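Hello,

Here is the structure I promised to pass on. Please open it alongside this email, and my notes follow below.

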Amino acid sequence: MRDSLPMKNTSATPLGAGAKRSTPSGGLQAWLPRLVLAPSVAISLFFVYGFMLWTFVLSLTSSRMLPSYDFVGFGQYARLMANERWWVASTNLMIFGVLFVVICLAIGSLLAILLDQKIRQEGALRTIYLYPMALSFIVTGVVWKWLLNPQLGIQAMVQGWGFESFRFDWIVDPDMAIYTLVIAAVWQASGFVMALFLAGLRGIDDSIIKAAQLDGASLPRIYLRVVMPCLRPVVFSAVMILAHIAIKSFDLVVALTGGGPGYATDLPATFMYAHAFTRAQIGLGSASAMLMLGGVLAILIPYLYSELRSRKHG
Amino acid sequence: MANVIRRQTPAARLGRGLLYGVLILAALFYILPLVVMLMTSVKPLSEISAGSLLSFPQNPTFAPWTKAWGEACTGMRCDGVGGYFWNSFAIVIPAVLISTTIGALNGYALTKWRFKGSELVFALMLFGCFIPFQVVLLPMAQTLGWLGISSSRAGLILVHVVFGIAFTTLFFRNFYVGIPNELVSAAKLDGAGFFRIFWRILLPVSAPIIVVSVIWQFTQIWNDFLFGVAFSAHNTQPVTVALNNLVNTSTGVREYNVDMAAAMIAALPTLVVYVLAGKYFVRGLTAGSVKG
């Protein structure tokens with residue numbers, strides 16, 4: 001398809017305003033845009049769509065150390081479903097994803113509303129809230145690993161203040177370690193949600209709020225009943241982006257907990273990497289990658305659908 | 001939204017106080033990890049084990065920084081993260097320039113030279129923004145091998161360009177959609193060509209979106225870990241991979257001050273970009289969610 005793109009259209013009349021052309025290079029000019037796009041389309045077809053298909057094919061094989069093309073049907077998916085570590089990783093993603101999204105939304109929207117009250121030094125505060133987003137998840141992981149270190153971090157500090165019985169050793173506790181990922185990820189991304197909400201708030205017409213005030217509505221009520229409904233698209237985009245970050249989370253786990261204790265904080269992304277690259281289970285790793293893709297599509301498709309619908313309806 | 005009526009009753013004043021209280025608490029939550037990181041990186045080890053997280057360094061020393069830069073062990077080798085820091089630059093700079101250039105041309109072709117199916121082409125490419133990269137890792141490893149550039153900087157540059165153009169195309173496409181078509185149409189009637197129009201009409205007004213695209217790509221690629229760890233050898237690793245190896249190298253005494261200094265080194269370039277061009281950084285972040 002990509003090869004025929006430029007050729008097919010040398011004679012076609014281009015659509016749009018530049019249709020009438022009198023230069024001798026008219027033919028060339030007509031297919032130049034397509035020629036410019038062709039490499040990107042080719043890259044996209046090969047490296048995105050081709051690779052997805054390729055990974056799918058690998059997931060149907062018995063590949064271990066090296067890719068082999070000995071097909072075993074959906075056997076790897078069955079193995080995955082029977083794999084306890086995969087279930088731990090999937091459950092972790094549910095816990096981590098839901099908490100991460102909900103807490104980020106709560107903190108982000110609260111901070112945005114508070115910042116929107118004619119605050120002095122708003123710019124400085126905004127800068128402080130948002131800077132973690134510029135950091136690598138590896139850096140975030142390294143810093144929070146240090147803060148959460150029971151012997152030298154927050155726990156030791158609070159105990160040093162005289163609260164001897166204070167416990168905050170989640171990072172070494174298999175049942176609680178997953179929540180340390182939530183803390184670090186919220187620290188990194190909630191400022192971004194604040195920025196999204198603040199931009200949304202600034203885009204709302206003042207007269208709506210004034211009208212509500214004249215009706216005697218209280219400020220919290222105005223925000224809840226008038227402002228928030230206007231921000232529905234912002235909430236939607238934020239959920240979409242955060243969920244996407246959650247599914248792709250890999251670096252943070254590697255740097256903060258290494259998936260441990262044991263594999264208590266494994267996520268699908270780390271599961272995939274471990275099996276495909278270090279445990280010589282390419283088939284199984286591919287199957288888990290395909291399920292991750294399925295997860296992303298399950299979020300993406302309803303989003304795009306509603307996006308297109310709302311655009312059609314004005 | 002900023003026209004909230006303020007009455008200076010005592011209750012209102014209390015409310016204002018509470019408001020600032022919450023905002024400052026939040027600021028502390030975000031800023032303290034950075035402060036702790038910085039303070040820990042200039043404390044001698046003895047002070048770390050004796051003092052507490054927030055205690056101010058008594059005898060500040062830059063030794064952890066020099067050790068992190070040139071001597072600390074990252075896996076097998078003990079030559080610090082300095083070399084990897086430059087590695088990251090050697091990967092990031094070409095990848096950012098190439099992907100931004102391609103994105104600009106794509107965005108231009110998609111908006112000012114629309115053709116039948118150009119929207120489909122855009123949708124096709126846009127999907128690349130959303131895939132979890134795990135789904136391309138294994139085929140990519142094999143393809144880089146076939147191309148003879150596995151574990152090389154060139155390989156990493158290729159990977160970052162390939163998966164960056166979806167974003168850069170999105171940025172430029174959404175920006176150019178907002179540029180009026182009249183000038184372009186007039187230039188076309190005058191017989192100006194594809195590249196001439198781009199060079200003379202679009203490029204001069206593209207400065208803001210170029211900055212957004214460059215900053216976005218710079219932060220994304222600098223902060224990348226997944227591709228870096230999957231497709232590099234010990235001498236081509238980016239700094240994020242080296243930092244992770246340094247922190248997880250388990251020989252001898254854990255030198256937390258060196259860990260923090262290395263983390264600061266890995267974080268500095270993107271922090272500097274953020275401080276200098278925060279406005280554009282935010283615009284890049286929101287570009288994906290605010291539709292053009």
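In what order do the elements of chain A run from the N terminus on? They run α-α-α-α-α-α-α-α-α-α-α-α-α-α. That is 14 helices and 0 strands. Keep in mind that this is a predicted model.

Chain A overall

Chain A has 314 residues, and 45% of them are buried. Its radius of gyration is 26 Å, whereas a compact globule with that number of residues would be near 20 Å. Along the principal axes, the C-alpha atoms fill a box of roughly 85 × 70 × 30 Å. Take the contacts in chain A with a separation of 6 or more: 68% of them join residues 24 or more positions apart.

What the record says about chain A

An unreviewed UniProt entry marks "transmembrane region" at six places: residues 35-57, 93-115, 127-147, 176-201, 222-247 and 282-305. I looked at two of these spans in the model. Residues 93-115 of chain A are 100% helix and 0% strand. The end C-alpha atoms of that span lie 32 Å apart. Residues 222-247 of chain A are 96% helix and 0% strand, with end C-alpha atoms 35 Å apart.

The unreviewed UniProt entry also places "domain: ABC transmembrane type-1" at residues 90-305 of chain A. Over residues 90-305 the model is 73% helix and 0% strand. The end C-alpha atoms of this stretch are 26 Å apart.

One helix to look at

Helix α13 of chain A covers residues 268-278 and is mostly covered, with 8 of its 11 residues buried. Among the buried ones are Pro268(A), Phe271(A), Met272(A), Tyr273(A) and His275(A). Ala269(A), Thr270(A) and Ala276(A) are buried as well. After α13(A) comes Ala280(A), which has a positive phi, near 50 degrees.

Domains in chain A

How many residues make the contact between them? Domain 1 of chain A puts in 5 residues, and domain 2 of chain A puts in 7. The domain 1 side has 3 nonpolar, 2 polar and no charged residues.

Domains in chain B

Chain B is assigned domain 1 (10-61) and domain 2 (82-287). Here the centres, again over C-alpha atoms, are 34 Å apart. Each domain of chain B gives 7 residues to the contact. On the domain 1 side, α1 (10-41) and α2 (45-50) of chain B each supply at least two residues. The largest share, 4 residues, comes from α1(B). By class, this side of domain 1 of chain B holds 4 nonpolar, 2 polar and 1 charged.

Where the two chains meet

How many residues of chain B are in contact with chain A? The count is 80 residues of chain B, against 95 residues of chain A. On the chain B side, helix α13 (residues 256-287) gives the largest share, with 15 residues. That side of chain B has 54 nonpolar, 22 polar and 4 charged residues.

Best wishes

Key:
Residues numbered from 1 in each chain as written. Chains lettered and ligands numbered in written order. Predicted model: local features only at pLDDT ≥ 70, side-chain atom pairs only at ≥ 80, totals over all residues. UniProt positions renumbered as here; feature names shortened; annotations may be inferred. Contact = placed C-beta atoms within 7 Å. Nonpolar A, V, L, I, M, F, W, Y, C, P; charged D, E, K, R; others polar. Domains from an automatic or database assignment. Rg over C-alpha atoms; globule rule 2.2 N^0.38 Å. Buried ≥ 20, exposed ≤ 12 C-beta atoms within 10 Å, placed from the backbone.
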